[in-house]
Amino acid sequence: MPNEVEARCIEEFRKTPIGHHSPELQVILNELRGQPMEDKFCLVCTKPNREWQLARTSGVRGKPIKMLSKKFTSLEDAEWYVFKQRWKQLRGENIR
């Protein structure tokens with residue numbers, strides 16, 4: 001279960017996944033983004049400014065990413081989804 005500061009940061013990201021973030025949220029984002037590249041969730045823009053597809057990195061330079069079936073028509077929704085998946089991978093906790 002996220003502590004009080006984490007809960008505030010999660011809500012901040014949910015509301016505003018793109019743009020400037022508080023210092024506390026930026027620390028969390030740096031931690032999530034700084035994890036090893038192997039099997040990390042990422043997004044691929046498949047139709048400029050209209051569609052993004054979920055993928056996973058291989059962690060091996062030159063080896064292609066693995067495209068997953070999930071697609072998004074909102075970048076904000078896509079970023080929120082990736083945030084939740086990375087949180088679960090790092091902390092073992094589901095967030096809504």
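Which helices and strands do the buried residues of H3 pack against? I looked, and they pack against helix H1 (4-15), helix H2 (23-33), strand E1 (41-47), strand E2 (51-56) and strand E3 (66-72). I take helices (H or I, at least four residues) and strands (E, at least two) as DSSP runs, numbered from the N terminus. Contact means heavy atoms within 4.5 Å.

Ground rules: this is a predicted model, where local features need pLDDT of at least 70 and side-chain atom pairs count only at pLDDT 80 or more, while totals for chains, interfaces and linings use all residues. Residues are numbered from 1 along each chain as its sequence is written, and side-chain values use heavy atoms, with hydrogens and water left out.

**H3.** I listed its buried residues: Ala78, Trp80, Val82, Phe83, Gln85, Arg86 and Trp87. Buried is under 20% relative accessible area, exposed over 50%, partly exposed in between (1.4 Å probe, protein chains only). I then checked the length of H3 (residues 75-91): its 17 residues should span 24 Å at 1.5 Å a residue, and the end C-alpha atoms are 24 Å apart, which agrees. The expected span is 1.5 Å times one less than the number of residues. Gly92 follows H3, with a positive phi near 70°.

**H1 on H2.** I found their axes coming within 9 Å and crossing at roughly 85°. That makes H1 roughly perpendicular to H2; the term covers 65 to 115 degrees, against under 35 for roughly parallel, over 145 for roughly antiparallel and oblique for the rest. Axes are lines fitted to C-alpha atoms, for helices over the stretch in contact, with angles from 0 to 180 degrees between N-to-C directions. H1 brings Val5, Glu6, Cys9, Glu12 and Phe13 to the contact, and H2 brings Glu24, Leu25, Ile28 and Leu29.

**Core.** The largest nonpolar core has 11 residues, including Cys9, Phe13, Leu29, Phe83 and Ile95. A core here is a set of buried Ala, Val, Leu, Ile, Met, Phe, Trp, Tyr and Cys residues joined through side-chain atoms within 4.5 Å. H1, H2 and H3 each supply at least two residues of this core, and H2 gives the most, with four. I clicked on Leu29: beyond its neighbours within four places in sequence, Leu29 is in contact with Phe13, His21 and Phe83.

**Arg96.** Is Arg96 buried or exposed? It counts as exposed, at 86% relative accessibility.
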